Amino acid sequence: MSKNPFSNLFSKKEGRRDWSTVLSLSVGFLLVAGAAVLAAWPQKSPEPGTTPPTNVVTPSNTRGPVAVVTPPDDTKAVAGTIFSRTTPTPGHTATPAPTPIQTPDTPQAPHATPKVLKELQLPSQGAAGMRFSQDALVFSTTLKQWMTHNGLDLCCTEGTPVAAAADGTVVSVKNDALMGMTVTIEHTDSVKTIYSSLQETVKVKAGDQLKKGDIIGAVGTTAISECEEGAHLHFEVWINDKPIDPACYLELPKGE
(Lines give C-alpha, C1' and ligand atoms only; values in the text may rest on other atoms or scores of the structure.)
Protein backbone atom coordinates (compact mmCIF):
# COMPACT_ATOMS: atom_id res chain seq x y z
CA MET A 1 0.00 0.00 0.00
CA SER A 2 1.34 3.35 -0.92
CA LYS A 3 1.98 5.89 1.87
CA ASN A 4 -0.43 8.76 2.07
CA PRO A 5 1.63 11.90 1.30
CA PHE A 6 -0.73 14.06 3.36
CA SER A 7 -0.57 12.05 6.60
CA ASN A 8 2.37 14.02 8.04
CA LEU A 9 0.78 17.32 7.13
CA PHE A 10 -2.47 16.27 8.80
CA SER A 11 -0.65 15.26 11.99
CA LYS A 12 1.15 18.58 12.14
CA LYS A 13 -2.11 20.44 11.76
CA GLU A 14 -3.69 18.42 14.57
CA GLY A 15 -0.67 19.17 16.73
CA ARG A 16 -1.02 22.86 16.06
CA ARG A 17 -4.69 22.64 16.90
CA ASP A 18 -3.90 20.95 20.25
CA TRP A 19 -1.33 23.60 21.17
CA SER A 20 -3.75 26.36 20.16
CA THR A 21 -6.39 24.90 22.50
CA VAL A 22 -3.93 24.66 25.39
CA LEU A 23 -2.76 28.26 24.81
CA SER A 24 -6.37 29.57 24.75
CA LEU A 25 -7.20 27.78 28.01
CA SER A 26 -4.03 29.13 29.65
CA VAL A 27 -4.82 32.71 28.66
CA GLY A 28 -8.40 32.33 29.93
CA PHE A 29 -7.16 30.97 33.25
CA LEU A 30 -4.69 33.84 33.66
CA LEU A 31 -7.43 36.42 32.96
CA VAL A 32 -9.78 34.87 35.56
CA ALA A 33 -6.99 34.63 38.15
CA GLY A 34 -5.94 38.24 37.53
CA ALA A 35 -9.51 39.48 37.99
CA ALA A 36 -9.79 37.58 41.29
CA VAL A 37 -6.52 39.10 42.56
CA LEU A 38 -7.62 42.63 41.64
CA ALA A 39 -10.98 42.14 43.37
CA ALA A 40 -9.25 41.01 46.58
CA TRP A 41 -6.56 43.70 46.45
CA PRO A 42 -6.95 46.12 49.44
CA GLN A 43 -8.15 49.61 48.53
CA LYS A 44 -5.75 52.44 49.15
CA SER A 45 -6.66 54.51 52.18
CA PRO A 46 -7.32 58.19 51.52
CA GLU A 47 -4.35 60.44 52.11
CA PRO A 48 -4.36 62.39 55.39
CA GLY A 49 -5.96 65.78 55.07
CA THR A 50 -8.29 64.85 52.18
CA THR A 51 -11.41 64.96 54.37
CA PRO A 52 -13.00 68.14 55.75
CA PRO A 53 -11.59 69.14 59.18
CA THR A 54 -15.05 69.37 60.77
CA ASN A 55 -15.85 66.71 63.35
CA VAL A 56 -19.32 65.94 64.61
CA VAL A 57 -19.91 64.91 68.20
CA THR A 58 -23.27 63.37 69.02
CA PRO A 59 -24.13 63.42 72.72
CA SER A 60 -25.70 60.27 74.15
CA ASN A 61 -28.80 62.25 75.12
CA THR A 62 -29.75 62.36 71.38
CA ARG A 63 -30.26 66.12 71.42
CA GLY A 64 -28.68 66.38 67.98
CA PRO A 65 -25.15 66.66 66.66
CA VAL A 66 -22.81 69.33 67.95
CA ALA A 67 -20.55 70.74 65.24
CA VAL A 68 -16.94 71.12 66.34
CA VAL A 69 -14.24 73.05 64.45
CA THR A 70 -10.62 73.31 65.51
CA PRO A 71 -9.36 76.90 65.06
CA PRO A 72 -5.95 77.67 63.56
CA ASP A 73 -2.99 77.87 65.94
CA ASP A 74 -2.82 81.65 65.68
CA THR A 75 -6.45 82.11 66.80
CA LYS A 76 -6.68 83.35 70.37
CA ALA A 77 -9.38 81.33 72.12
CA VAL A 78 -11.47 82.99 74.79
CA ALA A 79 -14.17 81.00 76.60
CA GLY A 80 -17.62 81.99 75.38
CA THR A 81 -16.27 83.92 72.36
CA ILE A 82 -18.63 83.50 69.41
CA PHE A 83 -17.43 82.90 65.87
CA SER A 84 -19.29 82.22 62.65
CA ARG A 85 -18.86 78.88 60.93
CA THR A 86 -17.23 78.73 57.51
CA THR A 87 -18.05 76.18 54.79
CA PRO A 88 -14.97 74.69 53.03
CA THR A 89 -15.02 74.61 49.24
CA PRO A 90 -14.84 71.20 47.51
CA GLY A 91 -11.31 69.83 47.69
CA HIS A 92 -10.27 72.39 50.31
CA THR A 93 -8.37 70.66 53.11
CA ALA A 94 -7.23 73.57 55.26
CA THR A 95 -8.85 74.05 58.67
CA PRO A 96 -11.53 76.75 58.39
CA ALA A 97 -10.64 79.88 60.33
CA PRO A 98 -13.53 81.12 62.49
CA THR A 99 -14.53 84.69 61.69
CA PRO A 100 -15.66 86.98 64.55
CA ILE A 101 -19.22 88.25 64.23
CA GLN A 102 -21.36 90.74 66.08
CA THR A 103 -24.25 89.20 68.03
CA PRO A 104 -27.39 91.18 68.83
CA ASP A 105 -27.78 92.46 72.38
CA THR A 106 -31.36 91.14 72.52
CA PRO A 107 -31.96 87.56 71.26
CA GLN A 108 -34.73 87.30 68.69
CA ALA A 109 -37.59 84.94 69.51
CA PRO A 110 -39.46 82.96 66.82
CA HIS A 111 -42.43 84.80 65.31
CA ALA A 112 -44.98 82.26 66.60
CA THR A 113 -44.34 81.97 70.35
CA PRO A 114 -46.31 79.33 72.31
CA LYS A 115 -48.16 80.81 75.28
CA VAL A 116 -46.23 78.70 77.79
CA LEU A 117 -42.96 80.35 76.77
CA LYS A 118 -44.33 83.83 77.41
CA GLU A 119 -44.80 82.78 81.06
CA LEU A 120 -41.42 81.09 81.46
CA GLN A 121 -39.51 81.84 84.68
CA LEU A 122 -35.80 81.69 85.43
CA PRO A 123 -35.17 78.14 86.74
CA SER A 124 -32.33 79.17 89.05
CA GLN A 125 -30.74 82.38 90.30
CA GLY A 126 -27.32 82.89 88.78
CA ALA A 127 -25.23 84.88 86.34
CA ALA A 128 -25.39 83.91 82.67
CA GLY A 129 -22.35 81.91 81.61
CA MET A 130 -21.98 80.36 78.18
CA ARG A 131 -24.82 81.54 75.95
CA PHE A 132 -26.97 79.65 73.46
CA SER A 133 -25.37 79.48 70.01
CA GLN A 134 -26.47 77.45 66.99
CA ASP A 135 -25.52 79.69 64.06
CA ALA A 136 -22.08 80.52 65.44
CA LEU A 137 -19.31 78.77 67.36
CA VAL A 138 -18.30 79.30 70.98
CA PHE A 139 -15.09 78.11 72.59
CA SER A 140 -15.43 75.34 75.19
CA THR A 141 -12.79 75.62 77.92
CA THR A 142 -13.49 71.98 78.87
CA LEU A 143 -13.27 70.36 75.42
CA LYS A 144 -10.78 72.94 74.07
CA GLN A 145 -12.80 73.15 70.87
CA TRP A 146 -15.05 75.54 68.95
CA MET A 147 -18.59 74.22 69.00
CA THR A 148 -22.29 75.05 69.09
CA HIS A 149 -24.14 75.30 72.40
CA ASN A 150 -27.77 74.20 72.74
CA GLY A 151 -28.59 75.99 75.97
CA LEU A 152 -27.95 78.77 78.47
CA ASP A 153 -25.60 78.18 81.40
CA LEU A 154 -26.54 79.82 84.71
CA CYS A 155 -23.53 79.97 87.01
CA CYS A 156 -24.63 79.37 90.60
CA THR A 157 -23.27 78.17 93.90
CA GLU A 158 -23.42 74.38 94.11
CA GLY A 159 -26.63 73.37 95.85
CA THR A 160 -28.68 76.35 94.60
CA PRO A 161 -32.29 75.16 94.10
CA VAL A 162 -33.51 74.54 90.54
CA ALA A 163 -37.22 74.99 89.77
CA ALA A 164 -39.51 74.07 86.90
CA ALA A 165 -39.65 76.99 84.49
CA ALA A 166 -43.34 76.34 83.73
CA ASP A 167 -46.16 73.88 84.42
CA GLY A 168 -45.54 70.47 82.91
CA THR A 169 -44.90 66.75 83.23
CA VAL A 170 -41.53 65.14 83.95
CA VAL A 171 -40.83 62.83 81.01
CA SER A 172 -37.35 61.65 82.00
CA VAL A 173 -34.75 61.72 84.77
CA LYS A 174 -31.35 60.32 83.81
CA ASN A 175 -27.63 60.62 84.44
CA ASP A 176 -26.33 61.56 81.01
CA ALA A 177 -22.75 60.60 80.10
CA LEU A 178 -21.90 64.13 78.92
CA MET A 179 -24.42 66.47 80.55
CA GLY A 180 -24.70 64.79 83.95
CA MET A 181 -27.91 64.48 85.94
CA THR A 182 -30.66 65.71 83.63
CA VAL A 183 -34.40 66.29 84.04
CA THR A 184 -36.67 66.85 81.03
CA ILE A 185 -40.10 68.45 81.45
CA GLU A 186 -42.77 68.49 78.74
CA HIS A 187 -45.03 71.55 78.86
CA THR A 188 -47.08 71.02 75.68
CA ASP A 189 -46.89 68.62 72.75
CA SER A 190 -44.34 70.92 71.12
CA VAL A 191 -42.50 72.55 74.04
CA LYS A 192 -40.10 71.04 76.56
CA THR A 193 -37.33 72.26 78.86
CA ILE A 194 -34.15 70.43 79.89
CA TYR A 195 -32.20 70.94 83.12
CA SER A 196 -28.67 69.47 83.20
CA SER A 197 -25.63 69.34 85.50
CA LEU A 198 -27.88 68.86 88.53
CA GLN A 199 -26.75 67.18 91.72
CA GLU A 200 -27.22 63.42 91.54
CA THR A 201 -30.09 63.45 94.03
CA VAL A 202 -33.18 64.98 92.41
CA LYS A 203 -36.65 65.52 93.87
CA VAL A 204 -38.75 64.35 90.93
CA LYS A 205 -39.33 61.25 88.83
CA ALA A 206 -40.77 60.50 85.40
CA GLY A 207 -44.53 61.06 85.34
CA ASP A 208 -44.63 63.75 88.06
CA GLN A 209 -46.98 66.67 87.39
CA LEU A 210 -45.31 69.99 88.22
CA LYS A 211 -46.33 73.59 88.66
CA LYS A 212 -44.11 76.51 87.70
CA GLY A 213 -41.66 77.08 90.53
CA ASP A 214 -41.73 73.52 91.93
CA ILE A 215 -38.23 72.46 93.00
CA ILE A 216 -36.84 69.62 90.91
CA GLY A 217 -33.27 69.47 92.25
CA ALA A 218 -30.15 71.53 92.89
CA VAL A 219 -27.24 72.91 90.87
CA GLY A 220 -24.30 70.53 90.68
CA THR A 221 -21.13 69.80 88.73
CA THR A 222 -22.12 66.54 87.04
CA ALA A 223 -21.80 67.72 83.40
CA ILE A 224 -18.44 66.24 82.39
CA SER A 225 -18.48 68.09 79.05
CA GLU A 226 -18.73 71.44 80.89
CA CYS A 227 -16.82 70.69 84.10
CA GLU A 228 -14.33 73.57 83.62
CA GLU A 229 -17.18 76.05 84.11
CA GLY A 230 -17.69 74.96 87.70
CA ALA A 231 -21.11 74.64 89.33
CA HIS A 232 -23.86 75.76 86.95
CA LEU A 233 -27.24 74.86 85.53
CA HIS A 234 -27.32 74.01 81.82
CA PHE A 235 -30.83 75.02 80.71
CA GLU A 236 -32.39 74.25 77.33
CA VAL A 237 -35.70 75.14 75.65
CA TRP A 238 -36.97 73.06 72.72
CA ILE A 239 -39.84 73.78 70.31
CA ASN A 240 -40.89 71.08 67.84
CA ASP A 241 -37.73 69.08 68.60
CA LYS A 242 -35.44 72.03 67.86
CA PRO A 243 -33.40 73.96 70.47
CA ILE A 244 -34.06 77.70 70.78
CA ASP A 245 -32.42 80.46 72.80
CA PRO A 246 -33.81 80.47 76.39
CA ALA A 247 -32.74 84.11 76.76
CA CYS A 248 -35.54 85.06 74.35
CA TYR A 249 -38.08 84.25 77.07
CA LEU A 250 -36.24 84.86 80.35
CA GLU A 251 -35.55 88.02 82.28
CA LEU A 252 -31.86 87.64 83.04
CA PRO A 253 -30.17 89.55 85.86
CA LYS A 254 -29.16 93.10 84.87
CA GLY A 255 -25.88 93.25 83.05
CA GLU A 256 -26.38 89.73 81.61
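Trainee: What percentage of the 256 residues of the protein chain count as buried?
Mentor: In this predicted model, 36% of the residues count as buried, meaning under 20% relative accessible area with a 1.4 Å probe, protein chains only. Local features need pLDDT of at least 70, side-chain atom pairs count only at pLDDT 80 or more, and totals for chains, interfaces and linings use all residues. Side-chain values use heavy atoms, without hydrogens and water, and residues are numbered from 1 along each chain as its sequence is written.

Trainee: How many helices and strands are there?
Mentor: The protein chain has two helices and 16 strands. These are DSSP runs numbered from the N terminus: helices are H or I with at least four residues, strands E with at least two.

Trainee: Which residues touch the most other members of the largest nonpolar core?
Mentor: They are L117, L120, Y195 and I216, in a core of 33 residues. Such a core is a set of buried Ala, Val, Leu, Ile, Met, Phe, Trp, Tyr and Cys residues joined through side-chain atoms within 4.5 Å.

Trainee: Which element gives the largest share of this core?
Mentor: That is β15, with four residues.

Trainee: What is I216 in contact with?
Mentor: Beyond its neighbours within four places in sequence, I216 has contacts (heavy atoms within 4.5 Å) with residues including V162, V183, Y195 and L210.

Trainee: Turning to P114, where is it placed?
Mentor: P114 lies in the loop between β4 (99-100) and α2. Not counting residues up to four places away in sequence, P114 touches V191 and I239. Its C-alpha atom is 9.0 Å from that of T188, 74 residues apart along the chain.

How values were computed: Buried means under 20% relative accessible area, exposed over 50%, partly exposed in between (1.4 Å probe, protein chains only).
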